[in-house]
Amino acid sequence: MARILVIDDNTDLLQMIRLLLEERGGHEVILAAEGEDGLRKALENPPDLAIVDIMMPGMNGYEVCRRLRQEPATASIPIIVLTARGQDIDRKTALEAGADLHIPKPVTMSELLERVNGLLDRGRTSPAIQLGGTIAFLSLRGGVGCTTLAVNMALFLAQQAKQNTCLIDLSPSSGNVALHLGLRPDPNWSALALLSTGIGTETIATYLLNHPSGLTILAAPFIPVIGEGLPRDKVLAALHALRHNFALLVIDLPSILNDATMAALEQADTIALVATADPASIQATIGTLQALKGFGEKIRLILNHTAPGQPATPKALERVFRRPIDSVVPFDPAQAQALARGKPLVYTSPNSPLAQAVTAFVPALQPASTSRSATG
Ligand SMILES: Nc1ncnc2c1ncn2[C@@H]1O[C@H](COP(=O)(O)OP(=O)(O)O)[C@@H](O)[C@H]1O
Ligand SMILES: [Mg+2]
């Protein structure tokens, strides 16, 4: 249960939201029909989350957000802006004013509740999980499940492990992270490449997408980038800003060791190298392990079965790779539909084989200093 403050001049909507949050959400709700009154109530007894309308007589919602952010008692509470102003510029203004989420009206009550709970969950941390701050998923052979595993891992960390997590798609070739999550990749990082100013923590926030689970995403552009993707300095600046805003970063890397990939690999605490048991992937994996010898300590090897059939024994592959395999993910027949529906298995079917395998390899992702000693 959480205390939620709702500020909206539409009293019918206020009552509807109160009913929803109290009856279906089990939360305690405080209502205010004016900005000034809402702000006073927030400062008197800070809520766990605030839902703020924008167009109200007197103090508008943007001003409410700014004032909440200025006061130490409310500076870090999650704020949802729920508004009829649904344009990109409105979203940008809301985020710049300090909102965590911008939800355009109309919104279904189920979706609102899902968003509220997602945002509340994001703030709660699980002491059981102590991961490195940045985990990069890599495979120089496409189609081995790199994106699938990165997306499911990020969702697990955000939703079940309750870590404040950002998933970053660095692919310059129409990356699929947003597709896996059923989101439109807009905004995405394409405009970052053109920025002449630095990338601060507030700037980066305007380029992010929100998933109802509480996971935040920096998506890749739908239209492939001709030439190099994000330059090295932009990748470093973006990761720096994101690390400031999030406890964990999960990066889905493109299948190429370009400047963007190398910058991300250097920054990563853990590199999850994904392979399948077919000859092309085996060759790419052996080559990658050699090319990235300098990163040896932080590499974890994941064998993913993207096709049904007899899995090759990890033992034989370990001899070929000359290193242990840290995790094996079985073929999951439900994955094809999960991708088609934009609903990853960790999100919809936590008991599925793929979701279980993703959850099981969380301990293997811990940085070398805090984990495994016997496997090497
Ligand atoms: N364990 C698995 N079981 C079944 N299908 C899988 C599994 N892992 C990935 N896939 C499927 O394999 C295809 C390639 O996955 P993707 O994540 O896009 O690979 P990559 O990012 O390496 O190119 C997708 O259609 C995905 O749904
Ligand atoms: Mg991919």
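1. The model is a predicted one. Everything that follows should be read as a description of that predicted model.

2. Which residues come nearest to ligand 1? Of the 17 residues around the ligand, these are Gly 143, Cys 146, Thr 147, Thr 148 and Asp 332. By class, the shell divides into seven nonpolar residues, nine polar ones and one charged one.

3. A polar backbone atom of Asp 332 is 2.9 Å from a nitrogen atom of ligand 1.

4. How much of ligand 1 does the protein cover? On its own the ligand has 570 Å² of accessible area, and the protein covers 81% of this. Two elements give two or more residues to the shell, namely helix H6 (146-160) and helix H13 (335-341). Helix H6 gives the most, with three residues.

5. The sheet is open and has five strands in the order E2-E1-E3-E4-E5, paired in parallel. Strand E2 (28-32) and strand E5 (101-104) each have a single partner strand and stand at the edges, so each has one side without a neighbour in the sheet. On average, neighbouring strands of this sheet are turned by 20 degrees against each other, with direction ignored.

6. One pair in the sheet can be given in detail. Strand E4 (residues 79-83) runs parallel to E5 and is joined to E5 by four bridges. Within this pair, Thr 83 of E4 stands opposite Pro 104 in E5.

7. Thr 285 deserves a separate entry. This residue is placed in helix H11 (residues 279-291). Is Thr 285 buried or exposed? The relative accessible area of Thr 285 is 3%, and the cut-off for buried is under 20%, so the residue counts as buried. A polar atom of the Thr 285 side chain lies 2.6 Å from the backbone oxygen of Ser 281. The buried Thr 285 thus has a polar contact to the backbone of Ser 281.

Definitions and conventions
Residues are numbered from 1 along each chain as its sequence is written. Chains are lettered from A and ligands numbered from 1 in the order in which they are written. This is a predicted model: local features need pLDDT of at least 70, side-chain atom pairs count only at pLDDT 80 or more; totals for chains, interfaces and linings use all residues. Side-chain values use heavy atoms; hydrogens and water are left out. A residue is near a molecule or strand if one of its heavy atoms lies within 4 Å of it. A polar contact is a pair of N or O atoms within 3.5 Å; within protein, one must be able to donate a hydrogen and the other to accept it, and residues adjacent in sequence count only if both atoms are side-chain atoms. Accessible areas come from the Shrake-Rupley method with a 1.4 Å probe; for residues, only the protein chains shown count as cover. Ala, Val, Leu, Ile, Met, Phe, Trp, Tyr, Cys and Pro count as nonpolar, Asp, Glu, Lys and Arg as charged, and the others, Gly among them, as polar. Two strands pair if DSSP finds at least two bridges between them. Axes are lines fitted to C-alpha atoms, for helices over the stretch in contact, and angles run from 0 to 180 degrees between N-to-C directions. Buried means under 20% relative accessible area, exposed over 50%, partly exposed in between (1.4 Å probe, protein chains only).
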